[in-house]
Amino acid sequence: MKGYKTHFELLSNEVRGLSDAYCLSCFLKGLKEEIMLGVRIFNPSDLVAAYSLVKMWEENLKMVHGSCRLNVMAIIGKNFPINQSKGFTGKNLSI
């Protein structure tokens, strides 16, 4: 988001006369959908609030995706034994 925020600020500073509400709307429309939907729930009143909410949602998504990845790896490790030299062994597979 940091790159997007910086780019957005540079562009929006080039244009004069845009309302704060319009800038906020444009900023939100440029976000990834999963972040934009989460931020819109809180109905930020300005760009500063939106920036903070985006940061919060990105951190939250990293934690959620990271824990899902860990859970999947734990399941795979139990149910799909890996032979370090040969890869997936196929032994002990139960469905």
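Helices here are DSSP runs of H or I with at least four residues, and strands are E runs of at least two, numbered from the N terminus. By that rule, Asn43 sits in the loop between helix H3 (33–41) and helix H4 (47–79). This is a predicted model, where local features need pLDDT of at least 70 and side-chain atom pairs count only at pLDDT 80 or more, while totals for chains, interfaces and linings use all residues. Residues are numbered from 1 along each chain as its sequence is written, and side-chain values use heavy atoms, with hydrogens and water left out.

**Loop residues**
- Asn43 has a positive phi of about 50° although it is not a glycine.
- Asn43 is exposed, at a relative accessible area of 63% (buried means under 20%, exposed over 50%, partly exposed in between, with a 1.4 Å probe and protein chains only).
- Leu18 lies in the loop between helix H1 (2–14) and helix H2 (20–29), and is partly exposed at 35% relative accessible area.

**Cysteines**
- The whole structure holds zero disulfides (pairs of cysteine sulfur atoms within 2.5 Å).
- The sulfur of Cys23 has its closest cysteine sulfur in Cys26, 6.5 Å away, so the two are too far apart for a bond.
- Cys23 is buried, with a relative accessible area of 12%, whereas Cys26 is partly exposed at 28%.
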